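Visitor: Please take a close look at one part of this model for me. I would like to follow the contacts between charged side chains, one after another.

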Amino acid sequence: MAKYVPASESKSYRKYALSIVESLSSADFLAPEGSNGGFLLMHSVGSKPANSDVAVPLHYADYYYLEALKRLRDWSEK
């Protein structure tokens, strides 16, 4: 979102994105290496309203986590 809002709002979106990545990278969510069936994140949610895939590892959650890390790295390199 930070790329699509006025510059005056961009900083708050970047700060929020960083806090999300930091939270997901904490011991509360990030699985220890070699555990969790090879998944990166331990507690993801597929559909909370349907109570489906709640607090489980999901391959697409790992994908979006890696995508967020890549985007964060790309921001840092600019």
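Guide: A salt bridge is counted where a side-chain nitrogen of Lys or Arg lies within 4 Å of a carboxyl oxygen of Asp or Glu. The model is predicted, and it holds 3 salt bridges.

Start with Arg71, whose partner is Glu67: their closest N and O atoms are 2.9 Å apart, and that pair counts because the cut-off is 4 Å. Both residues belong to helix α2, which covers residues 59–76, and because they sit 4 residues apart there, about one helical turn separates them. Arg71 has 51% relative accessibility and so counts as exposed. Glu67, at 23% relative accessibility, is partly exposed.

Next comes Asp74. Its salt bridge with Lys70 has closest N and O atoms 2.6 Å apart. Asp74 and Lys70 are also 4 residues apart in helix α2, about one turn of the helix. Asp74 is partly exposed, with a relative accessibility of 23%, and Lys70 is partly exposed at 38%.

Asp74 has a further partner in Arg73, where the side chains meet in a salt bridge with an N to O distance of 3.4 Å. Arg73 counts as partly exposed because its relative accessibility is 45%. Through shared partners, the salt bridges join Lys70, Arg73 and Asp74 into one network.

Note on methods:
Residues numbered from 1 in each chain as written. Predicted model: local features only at pLDDT ≥ 70, side-chain atom pairs only at ≥ 80, totals over all residues. Heavy atoms only, no water. Helix = DSSP H or I, 4+ residues; strand = E, 2+ residues; numbered from the N terminus. Buried < 20%, exposed > 50% of the residue type's maximum accessible area, 1.4 Å probe, protein only.
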